[in-house]
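Subject: Structure handover

Hello,

Here is the structure I said I would pass on. Please open it and keep it beside this email while you read.

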Amino acid sequence: MAPELDTPAGADRSDDVDVLDSGQAGGIAIRGGMIRTGGHVAALAMSLASAPFMIRHLGEVDYGYYMTVSAILFIVGGATEAGLTQLGVKRYAALDSADRPEFLRVLVGLRLALTVVGVAFAAAFSAVTGQPAVVVAGTAIMGLGLLLSLTQQTYAVSLSSQLKLGWVAGLDFIASFSLAVATIFLVVVGASLIPFFWAAVFSGGTLLTVTLLVLRQDAGLLPRFDLPQWRSIMREILPYALAAAVGLIYFRLAIVIMSYISTDRETGIYSAAQRIVEAVAALPWLVTSAGFPILARAARDDEVRLRSALQRLFEVTLLLGGGAAIIGVAGAKFAVAVVAGPDFKDSVAVLQILVCSLLMTFLVATWSSALLSIGEYRRILWANLGALVTTGVLSLALIPSLGANGAAIATVSAETALALGYLVALGHHDRRLVPGFGVALRLLPGAALATAFGLLASLPSVVESLACGAIYFGGAVLLRAVPPEVLHALLRRDREPPTG
């Protein structure tokens with residue numbers, strides 16, 4: 001959710017001015033971020049509707065296999081994604097309209113080449129490291145789905161860069177809807193594990209087809225394989241590409257380590273909790289990605305605008321992150337019961353640990369966008385390497401004795417280390433980019449009261465979760481911890497005054 005941003009000094013207010021330079025950009029991004037969040041909630045509802053059937057149908061062991069494949073391909077996706085989406089948005093937003101289609105063609109071609117190599121490597125790695133045959137086969141099948149999904153994601157760069165976030169939200173929903181429909185169908189017909197991997201192919205193919213139909217009037221939809229331009233892009237993004245790959249790996253590293261050093265049951269228990277957190281953990285990135293094109297333009301043209309935007313974005317994400325953590329801890333029992341069922345009651349404690357990372361995830365998303373907008377790719381890389389080491393060391397140390405709880409502690413610790421690393425990196429670049437933490441003092445009373453209520457109350461989990469959320473956000477409103485720019489955007493007070 002981007003903060004309100006003023007038009008840069010000297011910007012043209014004519015009708016042909018780029019939307020990113022207009023006084024309306026901030027409001028469009030805020031409303032677009034809310035639309036994307038609403039779309040994600042709807043998509044999450046679809047996922048939650050299908051996940052319980054799938055988990056109960058497959059059982060602890062097969063679902064553990066499924067999540068192991070998902071973890072492997074998540075890492076592959078992170079490595080082959082190579083930061084292309086974020087940096088693609090940044091570069092696309094800076095180009096003239098005439099140059100954008102050609103750049104998109106080259107970007108799609110590069111995405112295809114990287115993903116094919118990554119999927120082949122993942123399947124081979126699973127085979128040589130002794131994974132069961134079903135995991136090896138699943139890696140190859142879901143890898144095809146990953147190829148289709150990442151290709152669609154690259155085409156969607158044009159929509160995100162032009163703040164057409166309603167379309168982006170709709171496409172996100174289509175992805176979740178098609179996957180949920182395929183999953184429920186397979187449960188109904190009593191399918192074995194392998195067909196569930198093919199559901200990702202169906203979903204990815206559906207999403208790519210709809211996206212190409214949306215963009216059919218744009219020129220240059222066919223991928224272009226251009227080695228010189230690929231080398232130019234990779235030289236520019238290499239440090240951030242490594243950082244993005246490492247950043248996606250560390251969050252899934254714990255479950256991969258568990259698949260080798262822990263039991264199948266413990267892996268399944270952790271997988272159920274992580275599945276829930278992953279669904280919610282997408283929200284911080286939706287909130288910040290809506291305004292990222294504006295941040296990139298502000299970093300290029302107006303340092304004052306950038307500092308103001310980052311401060312407001314920090315205030316919004318701190319508010320939302322604290323609420324997500326409080327609501328998540330209170331509602332963990334309900335979430336596990338709905339998603340995984342009574343056989344996964346041990347996942348409740350794991351989930352309560354994992355959701356504490358959501359506050360840090362919101363801050364990570366904000367400060368990552370800030371560092372990316374100012375080109376601090378190497379500092380992003382070092383911070384992510386620190387998080388990766390934290391996950392690996394703590395997973396190896398804690399999982400043998402604490403099982404799934406140990407993996408959760410390792411993951412939360414890594415997310416905290418990453419947030420702190422990003423904050424230090426911002427300070428090294430420019431102390432003025434470090435946000436003021438005054439809003440935290442206004443959030444503490446509501447957070448403390450909500451936490452105390454959760455500890456003392458003996459209510460059903462879902463009721464307790466809603467009550468804690470109401471107390472927290474009610475306190476934030478009373479103490480004016482909600483940035484006024486959000487309310488202005490909702491009321492459409494960001495419109496430019498009439499000219500002439």
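I begin with a pocket. Helix α3 gives the most residues to the lining of the second largest pocket, namely seven. Helices here are DSSP runs (H or I, at least four residues), as strands are (E, at least two), and they are numbered from the N terminus. A pocket is found on a 1 Å grid over the protein atoms alone: it is an open set of points with protein on both sides within 12 Å along at least five of seven lines, whereas a cavity is a set of points where a 1.4 Å probe fits but cannot get out; lining residues have an atom within 4 Å of a point.

Two notes on sources. The model is predicted, and for that reason local features need pLDDT of at least 70 and side-chain atom pairs count only at pLDDT 80 or more, while totals for chains, interfaces and linings use all residues. Residues are numbered from 1 along each chain as its sequence is written, and side-chain values use heavy atoms, with hydrogens and water left out.

The second largest pocket holds about 320 Å³ of space; a volume is the space filled by probe spheres set on the grid points, which are joined across faces, edges and corners. It has 17 lining residues, and Ile 75, Val 76, Ala 79, Gly 118 and Phe 121 are the closest to its centre. Two or more lining residues come from each of α1 (25-81), α3 (100-128) and α8 (227-261). By class, the lining has 15 nonpolar residues, two polar and no charged. Ala, Val, Leu, Ile, Met, Phe, Trp, Tyr, Cys and Pro count as nonpolar, Asp, Glu, Lys and Arg as charged, and the others, Gly among them, as polar.

Next, the cavities. There are four of 30 Å³ or more. The second largest cavity has about 50 Å³ of space, and among the residues that line it are Leu 84, Arg 91, Phe 103 and Glu 236. Helices α2 (84-94), α3 and α8 each give two or more residues to this lining, with α2 giving the most, four. The lining of this cavity has six nonpolar, one polar and two charged residues.

For the protein overall, there are 19 helices and zero strands.

Which helix is largely enclosed by the rest of the structure? Helix α10 (residues 292-301) is, because seven of its 10 residues are buried. The buried ones include Phe 292, Pro 293 and Arg 297.

Thr 154 is in helix α4 (residues 133-155), and it counts as buried because its relative accessibility is 1%. Its side chain makes a polar contact with the side chain of Arg 111 at 2.5 Å. A polar contact is a pair of N or O atoms within 3.5 Å; within protein, one must be able to donate a hydrogen and the other to accept it, and residues adjacent in sequence count only if both atoms are side-chain atoms.

Ser 347 lies in helix α13 (residues 347-354) and is buried, because its relative accessibility is 0%. The side chain of Ser 347 reaches the backbone oxygen of Ile 269 at 2.8 Å.

Regards

How values were computed:
Buried means under 20% relative accessible area, exposed over 50%, partly exposed in between (1.4 Å probe, protein chains only).
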